[in-house]
Amino acid sequence: MLPLLLILFSSANAALFYDSYHGVPISPDEVKRHDKTNTTFWCVNEVEPCHPLEGRRVDGSCNNLRYPSRGASHTPFTRVLPPVYDKDFEPKKSASGNELPLARYLRTRLISVGRIPSQVFTQLAIHYFVFMSADVVSLHDTINYIAWRPYCCAEKGKIPHDDPVHRFSGVNCLNMTRPESFQSIGCIPKGTTPDRIVSSTPLLDLSTVYGNFLRNLNEKGRLFEKGLLKYEVENGRIWPPSVKTLASVCFLNQRPQETRCHNMPEDGGNTLAGINLMAVWFWRYHNFIATELLKINPCWDDERLFATARDINIAIALQIYYYELMPMFLGYENLLKDRVIIPTGGFRDVYNENVLPQLSLEYPFVLRWVHTVQEGALKMYDKDGYYLKQYPIVNLTLRTGFFAVDDNIDYITQGSFRQGSANIDYIADPDITEQGLGPHQKVSDLMTNDLAKNRYFGFQPYVKYREACFGTTINKFEDLKGFIDPERVEILKELYETVEDIDLLAGIWVERPIKGGFVPPTFYCLVIDQLRRNVISDRHWYERPNRPNAFTAHQLSEARKITIGRFVCNIGDTVTKIQPNAFLKAGIQNSFTSCNHIPDMNFGAWKDLTCKPTQWQ
Ligand SMILES: *[C@@H]1O[C@H](CO)[C@@H](O)[C@H](O)[C@H]1NC(C)=O
Ligand SMILES: *[C@@H]1O[C@H](CO)[C@@H](O)[C@H](O)[C@H]1NC(C)=O
Ligand SMILES: *[C@@H]1O[C@H](CO)[C@@H](O)[C@H](O)[C@H]1NC(C)=O
């Protein structure tokens, strides 16, 4: 009797348990059942009661007040188009019933291999793309891939005998894993359509810095003083704290020299080199903001400083993503027209509580197109712009220690805005196509894996997405010629039996760039669909005047002054000058400028007049 009474009495304040897939409350008995099968972590969301006026939660819960678990980690994706599978949810076959061409074969035929540097974009732009993807997809993907159960020589990973590279190497298959789903984990019955499960929240909320769980943030992140995140100073540089044990995810640290491995609320900040770099920067930026806030508001306590600094940090990450990075690739005018961004600089409020805070499965998937623009060699420069050395970026995966030795982070930082990305040209870097996981795997073709994932996710054919995006029906290969060059249409025709067999990603790979931008049109369509959904479904979206602890108009306009160049000036090692548009290569219109002349925000907008100056107390 007693336990039941306790539950009754405390129910007003007790956490509620939700089924992570269905988003509905479940009974303690059901939770116990999950405990028994050890599926509670994945299949149950524990949500403290929501308070309509509290700020953004680290775990994403209570974003939607009617469906409190939505927005939290391991909740389902939505889809732009429903999936299609073969029987038993195996990847679908061609329309005729034959197997589709091997993923590796398609990759080698559709994407050439080489190294042509972009004259437009910098490496920094690619780092930012990758970092923003890591915010919303499982930060553990890479680690899982390496540490879990890759299998080899399955039919799907087969390499054709006449492969341009592997006819010489003796390797005849690639390791691939099928992404985990609510079904594979055991949250819902096997035999239902697989739905991808990831551990990050679907909201753009700097999960790479603050994590996805409050407990992790409190244990690993917060210093609980002056609103700061924990930090270490080593050789004059500020870092997130490092784990002290050898058992860490930084499998590739070259010991004994390389020891640093970040003990952050999530492991994402130890994965790919670009994510690592950006995670260190946003970590530092949090402390930079908190310190500025304390200067102007000496009466604020740790809690208030921390919450405000986090809120500003997230807003700035989004501001740079929406108003700087995306316009450069997708086209400023296009984004204005499609209402992804607004021109005025003021507030906007398009929140709709009927749209759940979810991610489309297509969005993070099509972002993989960016693999074609990833340079393999990470170039390093000194602070005066002299080229020093280069290192294969794929050899830096799970190798945080590299950044902290030989002043590497200084040189990588300088290189990030001096080196071009790879050109947008249907050509991929050989490291991406042969050594994507560096020494972690003998051979790995990231883009072949991307195409294999396309099939595991059961995405509808490319032509269906064209139809959904642009309203045009495509019945024959010739119909592709309006947006794919004839020579590539010819290759597609050789590879696929019918036009409706073309895989979504294969079509995106070969599309001509969109008018007014640099990206394939179907990529554009599926990316802006999510960019808009974020603004509509995230109750804590930074441009809203009506969210809890909303910015004032003055604060918002200050936050909008921050550019990636300013950001790197503030927290990048040895950076004293930079081109104002640091996602673009420096040039006549965009020449190196002293950081002193790059506009910054004025924290005076956050001045709290109830804080009395100390000398008057
Ligand atoms: C239970 O699940 C957790 C999270 O998935 C996992 O880390 C742990 O190893 C599992 N324990 C057992 C006994 O299987
Ligand atoms: C990068 O890793 C590959 C193995 O994948 C290795 O052969 C190569 O020597 C490494 N490069 C450097 C510079 O360490
Ligand atoms: C596949 O994975 C296994 C186990 O990790 C590894 O031994 C093998 O070399 C990998 N194969 C390739 C082609 O990388």
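**View 1. Phe 603 and Trp 606, a tilted ring pair.** Phe 603 is buried, at a relative accessible area of 5%; buried means under 20%, exposed over 50% and partly exposed in between, with a 1.4 Å probe and protein chains only. Trp 606 is buried too, with a relative accessible area of 5%. The model is predicted: local features need pLDDT of at least 70, side-chain atom pairs count only at pLDDT 80 or more, and totals for chains, interfaces and linings use all residues. Residues are numbered from 1 along each chain as its sequence is written, chains are lettered from A and ligands numbered from 1 in written order, and side-chain values use heavy atoms, without hydrogens and water. The whole structure holds 31 aromatic pairs. Rings of Phe, Tyr and Trp (its six-membered ring) pair if their centres lie within 6.5 Å; planes under 30 degrees apart are stacked, over 60 edge-to-face, the rest tilted. The Phe 603 and Trp 606 centres are 6.0 Å apart and the planes meet at 45 degrees, so this pair is tilted.

**View 2. Phe 459 and Tyr 465, an edge-to-face pair.** The distance is 6.4 Å centre to centre, with 80 degrees between the planes. Both Phe 459 and Tyr 465 are buried.

**View 3. Arginines over aromatic rings.** Arg 222 lies over the face of Phe 306, at 4.2 Å from the ring centre. Arg 284 sits over the face of Trp 239, at 5.8 Å from the ring centre. The criterion is NZ of Lys or CZ of Arg within 6 Å of the ring centre and within 35 degrees of the ring normal.

**View 4. Helix H19, residues 486-495.** Helices (H or I, at least four residues) and strands (E, at least two) are DSSP runs, numbered from the N terminus. Buried in H19 are Arg 488, Val 489, Ile 491, Leu 492 and Leu 495. Down the axis they fall within an arc of 160 degrees, so they line one face of the helix; the arc is taken from the directions from the helix axis to the C-beta atoms. On the other side, Glu 490 and Glu 494 are exposed. The cover over the buried residues includes helix H4 (103-110) and helix H20 (504-510).

**View 5. Backbone at Pro 256 and Asp 406.** The peptide bond from Arg 255 to Pro 256 is cis, with omega near 5 degrees. Pro 256 lies in the loop between strand S6 (237-239) and helix H11 (273-296). Asp 406 is not a glycine, yet its phi is positive, near 55 degrees. Asp 406 is exposed, with a relative accessible area of 57%.

Notes. Contact means heavy atoms within 4.5 Å.
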